[in-house]
Amino acid sequence: MSLDGKVAIVTGAGRGLGLSYAQELARRGASVVVNDVDAEATAAAVAAIQAAGGRAVAVVAPVGPTETAKELVSTAVGHFGRLDILVTNAGVLRDTVLWKMSDEDFDTVINVHLRGTFTTVREAVQHMRQAGEGGRIICVGSPTGQRGTFGQTNYAAAKAGIVGMVRTWALELKRAGITANTVVPVAATAMTATVPYFAAAVRAEANGEPMPAFFRHDLGFGTADDVAGLVAFLGSDAAASVTGQVIGVGGDRLQIWTHPEAALTAHREGGWTYDALVEAWPTRFAGAAQSVGERFPKLPEEFEPSAS
């Protein structure tokens, strides 16, 4: 089942994961609006898609402002006549611990990731609903938004917020035949290239070598292209019944994340007073407390940074 005749917008598609998404969508037959703030990278992405026989056009603009969202949708409709798929991938990082994070650090990340997703999806959905032919909204999340990561207050807030919006949109858009899903990628990118834990995997990819099975299978960590297939699938007619989901993908692994559910439920006549909680917490509740942060298995000795 191809994407022939479909039109897609991919934000943050100048390089990395976004570029892989745009190229895979084009490879499957979709016409693509490639968005990025880097004019040179955007032009190169469009040229690469066209050189491979695909159709693409560039929009160089930062996501966040409503004006950018309007330009993206009008470009898709103006150049290709319609809009079927939106992938909101654009993002920035401003990592630092809470007590050192400035207002600007927080606002910049929230504006690009969270507001950028909101404004772009809103504009796309307005067009899709009016066109009456359904559509596919694919938003990019992160393990950080699911479990938290040290030093990423702003990023965690934005990515968790995206998941909350997507679940709401899945409800609101169902009648219009528009699906909304979150993809949580785990891949070798400029971000993970600086993390010592992933050094052996990043080095293998840079050298054009197969990524070790430990990373691909045990950790679910692979290349950007390993994520692109899921994005194309969610954009296709084959995924018409898939909506409101958070789907993790990386290397050889795919995961469907649970929606938050109560880990334990207990009742006490008269309610849970301070004294009752002091008495009951250690025996009734402590064992159900949830862990935070990503949990990585111990690296095999040959992949330890000191072994390279």
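**Helix packing, then the sheet**

Author: The axes of helix H1 (residues 16-27) and helix H9 (residues 224-234) come within 8 Å and cross at roughly 50°. Helices (H or I, at least four residues) and strands (E, at least two) are DSSP runs, numbered from the N terminus. Axes are lines fitted to C-alpha atoms, for helices over the stretch in contact, and angles run from 0 to 180 degrees between N-to-C directions.

Reader: What should I know about the model before we go on?

Author: This is a predicted model: local features need pLDDT of at least 70, side-chain atom pairs count only at pLDDT 80 or more, and totals for chains, interfaces and linings use all residues. Residues are numbered from 1 along each chain as its sequence is written, and side-chain values use heavy atoms, with hydrogens and water left out.

Reader: OK. Are H1 and H9 roughly parallel or oblique?

Author: Oblique, therefore, for H1 and H9. Angles under 35 degrees count as roughly parallel, over 145 as roughly antiparallel, 65 to 115 as roughly perpendicular and the rest as oblique.

Reader: Is that crossing left-handed or right-handed?

Author: H1 and H9 cross in the right-handed sense. A crossing is left-handed if the near helix is turned anticlockwise from the far one by less than a right angle, and right-handed if clockwise.

Reader: Which residues make the contact?

Author: From H1, Gly 16, Leu 17, Ser 20, Tyr 21, Glu 24 and Leu 25. H9 brings Ala 224, Asp 225, Val 227, Ala 228, Gly 229, Val 231 and Ala 232. Contact means heavy atoms within 4.5 Å.

Reader: And how do H1 and H2 cross?

Author: Their axes, those of H1 and H2, come within 10 Å and cross at roughly 25°. That makes H1 roughly parallel to H2. The H1 and H2 crossing is right-handed. Leu 19, Ala 22, Gln 23 and Ala 26 of H1 meet Ala 45, Ala 48 and Ile 49 of H2.

Reader: Switching to the sheet. What's the strand order?

Author: E3-E2-E1-E4-E5-E6-E7-E8, an open sheet of 8 strands with mixed pairing. Strand E3 (55-60) and E8 are the edge strands, each pairing on one side only. Two strands pair if DSSP finds at least two bridges between them. Neighbouring strands of this sheet are turned by 20° against each other on average, direction ignored.

Reader: Which strands does helix H2 touch?

Author: Helix H2 (residues 39-51) packs on the sheet and touches strand E2 (31-36) and E3. Its direction makes about 175° with that of E3. Helix H3 (residues 66-80) lies across strand E1 (7-10), E2 and E3, at about 150° to E3.

Reader: How do E7 and E8 pair?

Author: Strand E7 (residues 246-250) and strand E8 (residues 253-256) are antiparallel over 4 bridges. Val 249 stands opposite Leu 254 in E8, and Gly 250 has Arg 253 as its bridge partner. The hairpin of E7 and E8 has 2 residues between the strands, and Gly 251 there takes a positive phi near 55°.

Reader: One more residue. Is Glu 123 buried or exposed?

Author: Glu 123 counts as buried because its relative accessibility is 12%. Buried means under 20% relative accessible area, exposed over 50%, partly exposed in between (1.4 Å probe, protein chains only). Glu 123 is in helix H4 (residues 103-131). Not counting residues up to four places away in sequence, Glu 123 touches Ala 69, Lys 70 and Val 73.
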